Amino acid sequence: MNNDATDAQIDIVVKKIQSLGHGVNISRGTKRTVIGAIGDEQKLDPKLFDSLPGVEYSMHIVKQYKIVSRESHKQDSVIEVCGIPIGGSQIQVIGGPCSVETQDQMDSAAQHVAAAGCRLIRGGAFKPRTSPYTFQGKGKDGLGMLRQAANKYNLPIVTELMDVRMLDTFLEHDVDIIQIGTRNMQNFDLLKEVGRIDTPVILKRGISATISEWLMAAEYIAASGNHNIILCERGIRTFESAYRNVLDITCIPVLKRETHLPVIIDPSHAGGKAWMVPALSRAAIAAGADGLLVETHPNPAEAWCDADQALNPQDFKDLMVSLQGIAQTIGRSI
Ligand code: PEP
Ligand code: MN
């Protein structure tokens with residue numbers, strides 16, 4: 001309540017809380033009175049109180065996300081993808097091109113990704129491009145190319161779903177992890193639909209989303225039944241223009257405290273330049289990320305999408321080697 005709230009104003013708030021079926025706890029300080037509602041506070045909307053005379057502000061003190069919260073599940077969640085654990089002590093690097101282009105390109109990508117020691121491969125068949133006039137992805141054919149290339153090396157596949165109408169096609173292609181991209185983090189209908197299946201989901205952080213909004217988006221998936229969720233930080237938009245986005249390393253320890261879900265980092269879309277990727281990757285692993293999502297292309301100069309940020313096969317291999325020492329230092333393997 002405000003400093004000068006009267007007893008009558010306090011009484012109105014108390015009666016309102018009680019009329020909504022909740023208990024009340026009044027704490028009177030020397031200057032200020034705090035009124036607590038006791039009961040299932042999810043059922044109370046702060047807006048019901050903000051407009052009452054004498055109220056300074058009202059808020060939930062219990063987090064809005066439940067299933068994904070660390071409070072509700074103390075141990076780290078480990079998500080098994082074709083026998084590969086994500087979120088355990090072994091760090092997973094998911095490598096591959098931004099987009100699926102041709103069967104040859106994907107065969108070659110799968111070969112170099114596997115040779116570098118990666119256990120999962122990525123490749124976008126449906127691309128969320130800023131301009132409608134640029135390459136939009138190979139679509140369904142792309143899923144087939146990714147699947148075929150990955151099968152040869154036993155690599156589970158990660159690919160982005162933008163439109164719920166393609167979900168059945170994704171399931172027919174046995175997509176192992178569905179990626180929800182930054183632009184769709186708050187596409188709540190899409191989140192609910194991927195929540196109805198049990199295929200693991202990588203939920204990328206929205207370009208301007210707070211950690212709380214991001215966790216609420218994860219809660220949408222979880223509340224629909226799918227708890228196999230992996231959070232992926234990919235850089236957020238700030239005033240800085242020297243790089244594509246700002247990799248929010250700070251979110252790693254914060255998420256580790258707030259949620260039991262695995263956290264991976266995409267250094268490629270954060271930095272936007274291949275030369276930044278190794279440093280960002282190492283920082284992410286040192287800070288406790290459970291894995292990385294890294295763009296690598298057999299021939300970056302020829303890439304149809306995000307060419308500047310793709311690592312070439314040799315640099316990708318070198319990165320994998322350089323991460324080993326960091327993983328070891330923090331008691332993890334890669
Ligand atoms: C991607 O991973 O290729 C992609 C489009 O990522 P984001 O949604 O983070 O931009
Ligand atoms: Mn990309």
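Student: Which way do the residues of β8 point?
Tutor: First, a caution: this is a predicted model. Now look at β8. Ile177 and Gln179 point one way from the strand, and Ile178 and Ile180 point the other way.

Student: Are those four residues of β8 buried or exposed?
Tutor: All of them are buried. Buried means under 20% relative accessible area. Across the chain, 50% of the 334 residues count as buried.

Student: What holds one strand to the next?
Tutor: Strands of a sheet pair through backbone hydrogen bonds, either parallel or antiparallel. Here, β7 (residues 157-160) pairs with β8 (residues 177-180) in the parallel sense, over three bridges.

Student: Which residue in β8 is the bridge partner of Glu160?
Tutor: That partner is Gln179.

Student: What larger arrangement do these strands belong to?
Tutor: A closed barrel of eight strands. Follow the order β5-β6-β7-β8-β9-β10-β11-β12, with parallel pairing. Neighbouring strands of this sheet are turned by 25° against each other on average, direction ignored.

Student: How many helices and strands does the chain have?
Tutor: There are eleven helices and twelve strands. Take one helix, α11 (residues 313-329). It lies across β5 (92-96) and β12 (291-295). Its direction is at about 175° to β5.

Student: How do I judge the whole chain?
Tutor: Check its span and its contacts. The C-alpha trace spans about 75 × 45 × 40 Å along its principal axes. Among contacts with a separation of 6 or more, 65% are between residues 24 or more positions apart.

Student: How should I read charged side chains?
Tutor: Side chains of opposite charge can pair when their charged atoms come close. A search of this whole structure finds 18 salt bridges. One of the pairs is Asp40 with Lys43, whose closest N and O atoms are 3.7 Å apart. Asp40 is partly exposed because its relative accessible area is 38%. Lys43 counts as exposed because its relative accessibility is 64%.

Student: Which parts of the chain does the pair Arg244 and Asp306 link?
Tutor: Start with the distance: the closest N and O atoms of Arg244 and Asp306 are 3.2 Å apart in their salt bridge. This pair links distant parts of the chain, 62 residues apart. Arg244 is in the loop between β10 (229-233) and α8 (251-258), and Asp306 is in the loop between β12 and α11.

Student: Which residue forms a salt bridge with Asp308?
Tutor: Lys273 does, with the closest N and O atoms 3.0 Å apart. Again the pair links distant parts of the chain. Asp308 is in the loop between β12 and α11, while Lys273 is in the loop between α9 (267-271) and α10 (277-286).

Student: Which residues are linked in a network of salt bridges?
Tutor: Arg205, Glu233 and Asp248 are.

Student: What about nonpolar residues on the surface?
Tutor: Look at Tyr57, Met59, Ile61 and Val62. They make a nonpolar surface patch of about 470 Å². Tyr57 is found in the loop between α2 (47-50) and β3 (79-81). Tyr57 counts as exposed because its relative accessible area is 54%.

Note on methods:
Residues are numbered from 1 along each chain as its sequence is written. Chains are lettered from A and ligands numbered from 1 in the order in which they are written. This is a predicted model: local features need pLDDT of at least 70, side-chain atom pairs count only at pLDDT 80 or more; totals for chains, interfaces and linings use all residues. Side-chain values use heavy atoms; hydrogens and water are left out. Patches are made of residues with over 30% relative accessible area and no salt bridge: like charges are joined within 9 Å, nonpolar side chains (Val, Leu, Ile, Met, Phe, Trp, Tyr) within 5 Å. Accessible areas come from the Shrake-Rupley method with a 1.4 Å probe; for residues, only the protein chains shown count as cover. A salt bridge is a side-chain nitrogen of Lys or Arg within 4 Å of a carboxyl oxygen of Asp or Glu. Helices (H or I, at least four residues) and strands (E, at least two) are DSSP runs, numbered from the N terminus. Buried means under 20% relative accessible area, exposed over 50%, partly exposed in between (1.4 Å probe, protein chains only). Two strands pair if DSSP finds at least two bridges between them. Axes are lines fitted to C-alpha atoms, for helices over the stretch in contact, and angles run from 0 to 180 degrees between N-to-C directions. Contact means heavy atoms within 4.5 Å.
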